[in-house]
Amino acid sequence: MDQHDLKEMVRARYGGIAQSANSVESCCVPAASCCGPATDADGKSRQMGYSDTELAGVPEGANLGLGCGNPQAIAALQPGEVVIDLGSGAGFDCFLAAGQVGPAGKVIGVDMTHEMLKRGRENAAKIGALNVQFRLGELEHLPVADNTADVILSNCVINLVPDKAQVFREAFRTLKPGGRLAISDVVNKAPLPAELQADPTLLCGCIAGVATVTETETWLAEAGFVDVRVTPKAESRELISSWVPDSGIEEFVVAAMVEGRKPTRV
């Protein structure tokens with residue numbers, strides 16, 4: 001499958017999730033999200049590390065149960081900062097970030113699916129989130145000017161992009177000098193068996209497209225980032241095993257926190 005076909009498959013799948021009234025349409029297998037069954041989105045988010053306070057702080061319908069961790073936990077957001085959320089979906093992390101940066105700050109959510117953007121904008125309107133905006137765009141070509149953001153967030157989305165090195169180059173471009181990455185994603189801890197690599201449902205399901213820790217660190221360094229850290233989270237095993245039950249994917253894939261900083265002088 002070439003990059004265009006893969007991207008269109010991912011776009012169609014996540015567009016379908018956004019349109020689904022109860023968010024149980026699958027991006028991996030029937031009745032499951034790419035990050036586990038979404039019939040209990042709040043329960044899945046608690047597994048990822050979100051608190052009850054955070055879950056209560058977003059509009060209904062913003063949390064689709066998609067993700068593999070909580071990038072807010074490492075973002076250290078401050079009032080007045082500008083945040084970009086890569087793959088913003090229905091706006092869950094955007095709204096949490098908006099509460100932290102306050103009215104003097106700004107959050108820009110970028111997503112490539114019209115359906116997710118529509119849902120995110122509707123959710124913003126529900127709560128009058130004037131410091132949140134959603135933009136249509138691909139992560140390899142962000143619709144954001146140079147040196148815009150203090151922080152870039154993302155939650156289990158970059159693994160879906162074929163050209164991950166270009167995503168990190170774009171992240172570097174759009175960050176201000178001294179800006180930082182706070183990303184939750186998945187990485188390979190062992191090579192995937194051929195049958196899993198070739199499974200098209202896993203290609204758009206946070207699994208078959210994952211990179212290794214070393215590859216991720218290399219791409220970040222080549223993009224210009226310093227203080228790079230990719231920290232696998234062993235406690236994600238149970239969450240990942242629920243994505244495709246009885247497949248054994250938890251033996252090959254682990255969630256990780258990805259951090260980096262754009263030098264103050266570039």
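The following legends describe close-up views of a predicted model.

**Conventions.** The model is predicted, so local features require pLDDT of at least 70 and side-chain atom pairs count only at pLDDT 80 or more, whereas totals for chains, interfaces and linings use all residues. Residues are numbered from 1 along each chain as its sequence is written, and side-chain values use heavy atoms, with hydrogens and water left out.

**Figure 1. Overview of the chain.** The chain has eleven helices and eight strands; these are DSSP runs numbered from the N terminus, with helices being H or I of at least four residues and strands being E of at least two. Of its 266 residues, 58% count as buried, where buried means under 20% relative accessible area, exposed over 50%, and partly exposed in between (1.4 Å probe, protein chains only). The chain exposes about 10,900 Å², and carbon and sulfur atoms supply 52% of this area. Accessible areas come from the Shrake-Rupley method with a 1.4 Å probe, and for residues only the protein chains shown count as cover. Among contacts in the chain with a separation of 6 or more, 74% are between residues 24 or more positions apart; a contact means heavy atoms within 4.5 Å.

**Figure 2. Strand β8 and its pairing partners.** Strand β8 spans residues 253-261, and eight of its nine residues are buried. Strand β5 (residues 175-188) pairs with β8 in the antiparallel sense over nine bridges, two strands being paired if DSSP finds at least two bridges between them. Within this part of the view, Asn188 has Val253 of β8 as its bridge partner. Strands β7 and β8 also run antiparallel and are joined by five bridges. Pro232 stands opposite Ala256 in β8.

Figure 3. The side chains of Glu259 and Arg229 meet in a salt bridge, at 3.2 Å from N to O. This pair links distant parts of the chain, with Glu259 in strand β8 and Arg229 in strand β7, 30 residues apart. A salt bridge is a side-chain nitrogen of Lys or Arg within 4 Å of a carboxyl oxygen of Asp or Glu; a search of the whole structure finds ten. Glu259 is buried, with a relative accessible area of 16%, whereas Arg229 is partly exposed at 43%.

**Figure 4. The loop that holds Ala234.** Ala234 lies in the loop between β7 (226-232) and α11 (237-241). With a relative accessible area of 64%, Ala234 is exposed. The C-alpha atoms of Ala234 and Glu250 are separated by 9.9 Å, the two residues being 16 residues apart along the chain.

**Figure 5. The salt bridge between Glu81 and Arg180.** The side chains of Glu81 and Arg180 meet at 3.0 Å, N to O, in a salt bridge. Distant parts of the chain are linked by this pair: Glu81 is in the loop between α4 (72-75) and β1 (82-86), and Arg180 is in strand β5, 99 residues apart. Glu81 counts as buried at 11% relative accessibility, while Arg180 is partly exposed with a relative accessible area of 21%.

**Figure 6. Strands β1 and β2.** Strands β1 and β2 run parallel and are joined by five bridges. Val82 stands opposite Lys106 in β2. Strand β2 (residues 106-111) is largely enclosed by the rest of the structure, because five of its six residues are buried.

Figure 7. Glu170 forms a salt bridge with Arg173, with the closest N and O atoms 2.8 Å apart. Both residues lie in helix α7 (residues 164-174), three residues apart, about one turn of the helix. Glu170 counts as buried at 9% relative accessibility, and Arg173 is partly exposed with a relative accessible area of 23%. Asp146, Glu170 and Arg173 are linked in a network of salt bridges.

Figure 8. A search of the whole structure finds two cavities of 30 Å³ or more. On a 1 Å grid over the protein atoms alone, a cavity is a set of points where a 1.4 Å probe fits but cannot get out, and lining residues have an atom within 4 Å of a point. Grid points are joined across faces, edges and corners, and a volume is the space filled by probe spheres set on the points. The second largest cavity has a volume of about 110 Å³. Its lining includes Phe168, Ile183, Asp185, Trp219 and Val258. Helix α7, strand β5 and helix α10 (213-223) each supply at least two lining residues, and the largest share, four residues, comes from β5.

Terms used
On a 1 Å grid over the protein atoms alone, a cavity is a set of points where a 1.4 Å probe fits but cannot get out, and a pocket is an open set with protein on both sides within 12 Å along at least five of seven lines; lining residues have an atom within 4 Å of a point.
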